[in-house]
Amino acid sequence: MSVSAASAAVSSFDGLRSLALLAGWNVYMAPLLPLTIDAYAMSATRVWLADTLASERARRFARRNAVGAILASLVGNATYHAIAAGILASNWMVVVVVGAVPPVVLGLVSHLAVLRKQPDAAVPQSVPGTAVVPADGTRYRTEDELLVEARAADAAWRRDHDDRPISRDALRKELRVGAARATDVLRRLRAEPNHQTSQQEAHAQ
């Protein structure tokens with residue numbers, strides 16, 4: 001990999017340096033363009049392939065940047081050779097794009113340096129009997145908590161509806177849960193030994 005990287009850097013150095021000269025850079029500053037792109041590519045590749053990297057986000061970002069640096073080198077060399085061959089004309093767009101390379105690379109490398117030091121956030125694991133509180137503050141109720149709320153909702157429903165048991169749809173609205181979860185809670189509620197059986201239920205049985 002080192003040999004391939006060195007060969008690619010040397011072969012593309014002259015084209016990118018010449019492109020910088022065409023864009024108006026002076027002879028002393030022109031070598032900085034290929035050096036910037038090559039250093040960018042090597043830094044992103046090292047982070048991408050690092051075995052000790054704790055952040056998968058940083059690895060994905062580094063992979064995209066490594067590929068982007070290679071493409072930037074390819075486009076830069078192709079642009080210079082096309083201008084040298086008379087296929088393209090050097091214009092203000094070439095000057096702007098070439099001049100934008102160093103600050104853009106600096107921003108990307110700085111962001112990569114921050115990402116590689118930040119481990120990915122752990123995914124909360126639910127434990128039976130506990131409620132998971134995600135990052136947005138929304139509290140997910142456990143099955144036991146829903147059953148307690150269902151008992152209270154059923155008792156209130158019976159008081160207001162001539163001792164008729166609460167229906168699945170009414171329980172779903174009271175608990176603000178989906179139909180499947182409401183069905184499961186209602187099944188558990190009716191299976192309790194101390195669950196009151198109304199006359200309507202006894203008649204239906």
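Mentor: Keep in mind that this is a predicted model. Start with α2 and α3, which pack at an angle of about 150°, with their axes 8 Å apart.

Trainee: What does that make α2 and α3 relative to each other, roughly parallel or roughly antiparallel?
Mentor: Angles over 145 degrees count as roughly antiparallel, and α2 and α3 are therefore roughly antiparallel to each other. Their crossing is left-handed.

Trainee: Which residues meet there, α2 against α3?
Mentor: From α2 there are I37, Y40, A41, A44, T45, V47, W48 and L49, and they meet A58, R59, A62, R63, N65, A66, A69 and S73 in α3. By class, that contact divides into 11 nonpolar, three polar and two charged residues.

Trainee: And how do α3 and α4 pack?
Mentor: The angle between α3 and α4 is about 165°, and their axes are 11 Å apart. That makes α3 roughly antiparallel to α4. The crossing is left-handed here.

Trainee: Which residues make the contact of α3 and α4?
Mentor: On α3 they are R57, A58, F61, A62, N65 and I83; on α4 they are V94, L108, H111, L112 and L115. Eight of the residues in this contact are nonpolar, two are polar and one is charged.

Trainee: OK, on to α5 and α6. What is the angle there?
Mentor: Helix α5 (residues 143-160) and helix α6 (residues 168-175) pack at about 120°, with axes 10 Å apart. That makes α5 oblique to α6.

Trainee: Is that crossing left-handed or right-handed?
Mentor: The crossing of α5 and α6 is right-handed. L146, E149, A150, A153 and W157 in α5 meet A170, L171, E174 and L175 in α6. The classes in this contact are seven nonpolar, no polar and two charged.

Trainee: Changing topic: what volume does the second largest pocket have?
Mentor: The volume of the second largest pocket is about 350 Å³. It is lined by 19 residues, and the closest to its centre are A72, V75, G76, V97 and V101.

Trainee: Which helices supply that lining?
Mentor: At least two residues each come from α1 (2-22), α2 (32-49), α3 (56-84) and α4 (92-115). The largest share is from α4, with eight residues.

Technical notes. Residues numbered from 1 in each chain as written. Predicted model: local features only at pLDDT ≥ 70, side-chain atom pairs only at ≥ 80, totals over all residues. Heavy atoms only, no water. 1 Å grid on protein atoms, 1.4 Å probe; cavity = no way out; pocket = protein on both sides within 12 Å on 5 of 7 lines; lining within 4 Å. Points joined across faces, edges and corners; volume = space filled by probe spheres on them. Helix = DSSP H or I, 4+ residues; strand = E, 2+ residues; numbered from the N terminus. Axes fitted to C-alpha atoms, helices over the stretch in contact; angles between N-to-C directions. Parallel < 35°, antiparallel > 145°, perpendicular 65-115°, else oblique. Left-handed = near helix turned anticlockwise from the far one by under 90°. Contact = heavy atoms within 4.5 Å. Nonpolar A, V, L, I, M, F, W, Y, C, P; charged D, E, K, R; others polar.
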